[in-house]
Amino acid sequence: MPLRSVRSGNSDVPVTPNPALQRRSLSLKVRPEFAMWCPYTDKEIDEAESNPEHILPLALGGCNVFTIPVARSANATIGSEIDGALANDPLIAFARREFDARGHSGTPPRVILKRATFQDRPVQVTFPGGGRAPVIWAAKSRLDVSPEQVEGQQFSVKWSMPQFGRIRFAAKVALSAGFYALGNYFREHVAHGEARRIMYSASYEDFKTIASHVRTRVADPFTPISEECHDLHSVISFSCTRIRGSVVLILPGPTNLVISVGVLGNYVGTLNMPADTSAFPGRPDYDLGHCLVVVDRQLERLSFRDYLAKLHSSMP
């Protein structure tokens, strides 16, 4: 899956005549002429039917300027079923605690693991963060176990990794971030309908059936990668895990558009969608691709080439 270098002024690369895509402005708002298309429903919507969607929720390292208007009904469902599911992923939950990634409520994040045992008793373990010791709550007595009882003792915890939740979240971000960064180009030249089908999968079995009938390919940390895509996948995973924050990578290939998502230093997933990339923006900030990086609630937009250089310069 080679990447295509795109430079401003390169006569070999056709640049879309759409002035909205040629502007050098780094405006963080969706352009008004496209603002009322909802990428989650593929429908035109009135302003009264919409509300702002955090492409990366605050609780997952997003910020208040990284938003687009979407259908209110779709936003409510996606927020609870998709964003909420990833926020409760154990690895993401520990990252939220480390980064103090708070949601709209402002409540400090903590990790609660309910499938645990202490001295052969079922317990719930809470990791509050801030250097504080875990709190063990005994299910039978419905009381916290005292620190004196816990000191020097062992407890065991089991958890599952919700792969399906990561896939749906990657599809959701591919739709919203793709439209945010590329506007009408994304709407007209990318097979976003396939990403939408994946996002709305009812179950993992449903997703596998859909995946077998579409051209879009999905990757995540738990899926075997083909030899052909191994090198690119390694670069993507590195790019998502080296950042002290969250990132969306938008990378054009010869006939495809790759969108990858990293949340709070964790690689979440990738969608590789069929696309006509001959019209991909030719501006310098889209060279090799475009990156949307959120660190400390601040959004930065830069080319993939510049992003890789930035990561390389930060390495010891």
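Tutor: Buried means under 20% relative accessible area, and exposed means over 50%. Keep in mind that this is a predicted model.

Student: Which residues of helix H10 are buried?

Tutor: Helix H10 covers residues 304-314. To be called buried, a residue must have under 20% relative accessible area. In H10 that holds for Phe304, Tyr307 and Leu311.

Student: What arc around the axis do these buried residues cover?

Tutor: Take Phe304, Tyr307 and Leu311, the buried residues of H10. They sit on the same side of H10, because the arc they cover around the axis is only 55°.

Student: Which exposed residues does the face turned away from the buried side of H10 carry?

Tutor: Look across the helix from Phe304, Tyr307 and Leu311, which are buried. The face of H10 turned away from them carries exposed residues. These are His312 and Ser313.

Student: Which elements do the buried residues of H10 pack against?

Tutor: Start with the helix: H9, residues 230-241, is one of the partners. Then come the strands. They are E11 (246-252), E14 (290-295) and E15 (298-303).

Student: At what angle do H9 and H10 pack?

Tutor: H9 passes H10 in a left-handed crossing. Their axes are 11 Å apart. The angle is about 65°.

Student: Which strands stand at the edges of the open sheet of 5 strands?

Tutor: The order in this sheet is E8-E7-E6-E5-E9, with antiparallel pairing. An edge strand here has a single partner strand, so one of its sides is left without a neighbour in the sheet. The edge strands are E8 (143-144) and E9 (155-157).

Student: Over how many bridges do strands E5 and E6 pair?

Tutor: E5 spans residues 111-118, and E6 spans residues 121-127. Ala116 stands opposite Val123 in E6. E5 and E6 pair in the antiparallel sense, and the bridges number 6.

Student: Which residue in the turn of the E5 and E6 hairpin has a positive phi?

Tutor: The hairpin has 2 residues between its strands.

Student: Which residue in E9 is the bridge partner of Phe118?

Tutor: Phe118 stands opposite Arg121 in E6. E5 also pairs with E9, in the antiparallel sense over 3 bridges. In E9 the bridge partner of Phe118 is Phe155.

Student: Is Glu194 buried or exposed?

Tutor: Glu194 lies in helix H7, residues 192-199. Leaving out residues up to four places away in sequence, Glu194 touches Val214, Arg215, Thr216 and Pro274. Its relative accessible area is 13%. The cut-off is under 20%, so Glu194 is buried.

Student: How far apart in space are Gly253 and Met273?

Tutor: Gly253 lies in the loop between E11 and strand E12 (256-263). At 0% relative accessibility, Gly253 is buried. Gly253 and Met273 are 20 residues apart in sequence. In space, C-alpha to C-alpha, they are 9.7 Å apart.

Notes
Residues numbered from 1 in each chain as written. Predicted model: local features only at pLDDT ≥ 70, side-chain atom pairs only at ≥ 80, totals over all residues. Heavy atoms only, no water. Buried < 20%, exposed > 50% of the residue type's maximum accessible area, 1.4 Å probe, protein only. Helix = DSSP H or I, 4+ residues; strand = E, 2+ residues; numbered from the N terminus. Arc of directions from axis to C-beta. Contact = heavy atoms within 4.5 Å. Pairing = 2+ DSSP bridges. Axes fitted to C-alpha atoms, helices over the stretch in contact; angles between N-to-C directions. Left-handed = near helix turned anticlockwise from the far one by under 90°.
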